[in-house]
Amino acid sequence: MLTTTDPRTGVSAATSLAPTSPETVHEIALRAESAAQELQSRGREFRAQLLDAMAAGVLAARDELVAAADAETGLGTARLTGEAGRSAFQFSLFAEAVREGSFVEAAIDHAGDTPLGAAPDVRRMLVSIGPVAVFGSSNFPFAFSVLGGDVASAIAAGSPVVVKAHGSHPLTSKLSYEVLQRAAESVGAPRGTFGIVYGQQAGVTLVQEPAIKAAGFTGSLGAAEALQRAIDQRPDPIPFFGELSSINPLVVSPGAAASRGAAIAEGLFASYTGSAGQLCTKPGIAFVPSGPEGQAVVDALESLTSAAGPQVLLNDRIQTSFGEIADRLVAAGAVVGASGGSPEEGSGFAVSPRLLETTAETLGAELAEEAFGPLVVVARYDSLDEVREAFGRIPRSLTATLHVEDDEPDVVSSLSSTLEASSGRVVFNGYPTGVRVAWAQQHGGPWPSTNSQHTSVGVTAVRRFLRPLAWQNAPEAALPEELRDGFTGIPRRVDGVLTLPA
């Protein structure tokens, strides 16, 4: 049987849940395959109604969900209440996007004479790729798990979803799945629209099921590589969209350090210790100028870190990895600048927040390993050239941040291309943690932060689970309504001209 563990104490308890057998995984995948055609054929308005029901279901069950997640993650009711609200908002946002319809990229080219001769009638739009496997993450038991953005974007695409529950919060996953099932039943969704499997081997089996046509993943690079190997063994390899590892460098300009160093230190400390540093966008490296203004920033960071109490991590694996990585960074030349309070006996998976120090000139990949937890490496620099050169030696990330003053346009022009080339989102005078869910959001980045160019947050996340399909000289009965003449419900490109809804 599966167990659930309280990270605040490290005490585990048995659950009634068991790892899903290969036979059951197969049955769940077949049900998803059976649901796929019906879910697509019912059209966008039905999917929007389902997403609305999912949002309402999360809000109705929020207290129960938060209590379960707090017991299994130790993230606190305030953080988890907000995250559950974010999940509901994601579902509502995708309902809005499905109704608006531009994401299908409908295009019509009528038959006629062209400079190349007579041409057939061709119509194209994006359709569901088929059933999707979603792997929940440990650090977001709602927003990147069973009730997360991957599920929202798959349903928006018209793709049934089979979720692999995360082993760190199995009971939360079960309750979340029940919310989805109630939502599906309330609108009469086809059986198999949602499914869930438990256990590591069940996840491997799931991505090898012929009925599964894509997978979304948020987690460690090692786990992603294992799933990719399993996918590669399929006779028909499928797309695997993974969010993996990110160091999220942050640069403080000389002017910013001089004018608001104390505020930057407070914001950076909150960003690298928030949720115990267990955020994919946590700033792991901070470039701070040499000199007295930069030293004041470092001094303030050291003071805040030293005064901080121990923080609880999600599970024993993360706790062990955090300590091992911190030790490797020190062995590679980083100096311990400050360490927070030591955990007491019986405090579960708690660790001390840590601030390590080095220089931009010596910073390399060995000092840029992601430490999932409350740790930051401060790299002092003498020139912007040192910062640019250091960016060339460290892994690329989901985000890159620059704190700069209005009277430093030379700093912006000097670093902008470096920041843009190294990340998927450039943040100015803020902090990368706290990812807005919106139409314009981009939550992806160059390898190794993600393994594709697609985002996992925001409306364009739906593109991962869509494929283009063209109809040539098709009778109207064979066409989806979005491609029929006279349809005016969504933006379309007709004979090369963008046509907006009536």
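In what order do the strands of the open sheet of five strands lie? The order is 21-6-3-22-23, and the pairing is mixed. All views below come from a predicted model.

**View 1. An open, five-stranded sheet with mixed pairing.** Strand 21 (466-472) and strand 23 (497-499) form the edges. Each of these two strands pairs on one side only. From one strand to the next, the twist averages 25°.

**View 2. Strand 6 runs antiparallel to strand 21.** Strand 6 covers residues 122-128. Seven bridges join strand 6 to strand 21. Within this pairing, arginine 124 stands opposite alanine 470 of strand 21. Strands of a sheet pair through backbone hydrogen bonds, either parallel or antiparallel.

**View 3. Phenylalanine 241 and phenylalanine 465 form one of the six aromatic pairs in the model.** The ring centres of phenylalanine 241 and phenylalanine 465 are 6.0 Å apart. Their planes meet at 80°, so the pair is edge-to-face. Phenylalanine 241 belongs to strand 11 (residues 240-243). Phenylalanine 465 sits in the loop between strand 20 (423-428) and strand 21. The pair therefore ties together parts that are 224 residues apart in sequence. Buried or exposed: which describes phenylalanine 465? Phenylalanine 465 is buried, because its relative accessible area is 0% and the cut-off for buried is under 20%. Phenylalanine 241 is also buried, with a relative accessible area of 11%.

**View 4. Phenylalanine 287 and phenylalanine 391 make a stacked aromatic pair.** The rings lie 5.5 Å centre to centre, with 25° between the planes. Planes under 30 degrees apart count as stacked. Phenylalanine 287 is in strand 13 (residues 285-289). Phenylalanine 391 is in helix 12 (residues 384-391). The pair links distant parts of the chain, 104 residues apart. Phenylalanine 287 has 0% relative accessibility, so this residue counts as buried. Phenylalanine 391 is buried as well, at a relative accessible area of 7%.

**View 5. Three phenylalanines form one aromatic cluster.** Its members are Phe135, Phe217 and Phe240.

**View 6. The charged end of arginine 42 sits over the ring of phenylalanine 46.** The charged end of arginine 42 lies 4.6 Å from the centre of that ring.

**View 7. Arginine 79 places its charged end over the ring of phenylalanine 140.** Here the charged end of arginine 79 is 4.6 Å from the ring centre of phenylalanine 140.

Technical notes. Residues are numbered from 1 along each chain as its sequence is written. This is a predicted model: local features need pLDDT of at least 70, side-chain atom pairs count only at pLDDT 80 or more; totals for chains, interfaces and linings use all residues. Side-chain values use heavy atoms; hydrogens and water are left out. Two strands pair if DSSP finds at least two bridges between them. Helices (H or I, at least four residues) and strands (E, at least two) are DSSP runs, numbered from the N terminus. Axes are lines fitted to C-alpha atoms, for helices over the stretch in contact, and angles run from 0 to 180 degrees between N-to-C directions. Rings of Phe, Tyr and Trp (its six-membered ring) pair if their centres lie within 6.5 Å; planes under 30 degrees apart count as stacked, over 60 as edge-to-face and the rest as tilted. Buried means under 20% relative accessible area, exposed over 50%, partly exposed in between (1.4 Å probe, protein chains only). A charge sits over a ring if NZ of Lys or CZ of Arg is within 6 Å of the ring centre and within 35 degrees of the ring normal.
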